[in-house]
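Please read the numbered points with the structure in view.

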Amino acid sequence: MAPNNNNLAAAPAENTGFPFMKWKWHFISISIVLGILSVTFMIERGLNLGVDFRGGIKLVYKFKEPTGDGRIRGLIEGLNVGDVQVVRFGVETENSFLIKIKQQEGREIVKEIMARLNQTLGPDGFTLLSEEMVGAKVGADLRKRGFFAMGLTWLLMLVYIGWRFDFLFSPGAIVALLHDVIISLGFFVFFGKEFNLPILAAVLTLIGYSVNDTVIIFDRIRENLKKLPASVPLSDLVNRSVNETLSRTVITSLTVLFAMVVLFLFGGGVIHDFAFFMVVGAIVGSYSTIFIASPVYLAFNRLFPHRGLVRGIGKR
């Protein structure tokens, strides 16, 4: 026999009965601490902008004999070309290194480096795998367009969620997205990773992934708003909705996380940092879906009690 509304309200959640909303302030406090630490790292250290955004030369060399980044940096710094960044590219057995240098007018840096390596290691000791040059103006333009893309993405999601659900849901989704991006970038800066075009793509990917997870919970909240009687407190309704979608959230998050971990471990240098950002983002995004987006929705309902959806009726 199908349960009536009152029995449904009294029944436990389908999968788990964890009191997420009861403990919301504990998790929000953790997020605030992580957010403050992340912003502090970004202010003190700044984003390590790559050649894509600040202009310069990016070279990838593969060496025949095992070598270290210190030896390569020493060879190039002897040319007095300014600040040089040398990092291993891909797994250690590939013996490849990524070299980044600022472009200097009147000098042919690439030819000078080739001549120095040729003189030291011999013509058969290394191979130039790729060469990329980005002008300073192009880099600045890319930087501007990148941050504009992120802002526009947030704005469009704010409007879409407000139209698709109601505008009391939108702030929760946007706060959760800001939370995910800030904390993921904080980890990125802490580990000294470079912010370049692939990482910008990772940020936009994370925004799409995180909001998709959030929308699943919001959709269940909307269903329960129509299904459960008004006597059920809104915090209980939200908690029930989170529990009902918890298995789906966990399964989705774990499958994404497993894929990103494999890419991080075995994907090679090209997507190593992208995978690192997504590993952190998948964890933080799943966390914020449960512990940030829903409590913010509750808070806006208390601030604007006569707005939004009404039980079993629709929009006021």
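1. Of the 316 residues in the protein, 45% are buried. The model is a predicted one, and all values below are computed from it. The accessible surface of the protein comes to about 16400 Å², and carbon and sulfur atoms account for 64% of that area.

2. The secondary structure consists of 11 helices and 8 strands. Among contacts in the protein with a separation of 6 or more, 79% join residues 24 or more positions apart.

3. The largest nonpolar core contains 58 residues. Within this core, the residues with the most contacts are Phe169, Phe195, Phe218, Ile221, Phe277 and Tyr297. Two or more residues each come from helices H2 (24-45), H6 (136-164), H7 (170-190), H8 (197-227), H9 (234-244), H10 (246-266) and H11 (269-303). The most is given by H11, with 14 residues.

4. Strand E4 covers residues 96-101, and because 6 of its 6 residues are buried, the strand is largely enclosed by the rest of the structure. In a regular strand, side chains alternate between the two faces of the sheet. Both faces of E4 are covered: Ser96, Leu98 and Lys100 are buried on one side, while Phe97, Ile99 and Ile101 are buried on the other.

5. Which strands pair with E4? One is strand E2 (residues 56-63), which pairs with E4 in the antiparallel sense over 6 bridges; here Lys62 stands opposite Ser96. Another is strand E3 (residues 84-89), also antiparallel to E4 and joined to it over 6 bridges. In that pairing, Val87 stands opposite Leu98.

6. Helix H7 has 21 residues and reaches 30 Å from its first C-alpha to its last, which is close to the 30 Å expected at 1.5 Å a residue. Since 16 of these 21 residues are buried, H7 is largely enclosed by the rest of the structure. Just after the helix, Gly192 takes a positive phi of about 70°.

7. Not counting residues up to four places away in sequence, Val181 touches Trp154, Val203, Leu206 and Ile207. The C-alpha atoms of Val181 and Ser210 are separated by 9.9 Å, and the two residues are 29 residues apart along the chain.

8. The loop between H6 and H7 holds Asp166. With a relative accessibility of 3%, Asp166 counts as buried.

Methods:
Residues numbered from 1 in each chain as written. Predicted model: local features only at pLDDT ≥ 70, side-chain atom pairs only at ≥ 80, totals over all residues. Heavy atoms only, no water. Core = buried A, V, L, I, M, F, W, Y, C linked by side-chain atoms within 4.5 Å. Buried < 20%, exposed > 50% of the residue type's maximum accessible area, 1.4 Å probe, protein only. Helix = DSSP H or I, 4+ residues; strand = E, 2+ residues; numbered from the N terminus. Contact = heavy atoms within 4.5 Å. Areas by Shrake-Rupley, 256 points an atom, 1.4 Å probe, with all protein chains shown as cover. Pairing = 2+ DSSP bridges. Expected span 1.5 Å × (residues − 1).
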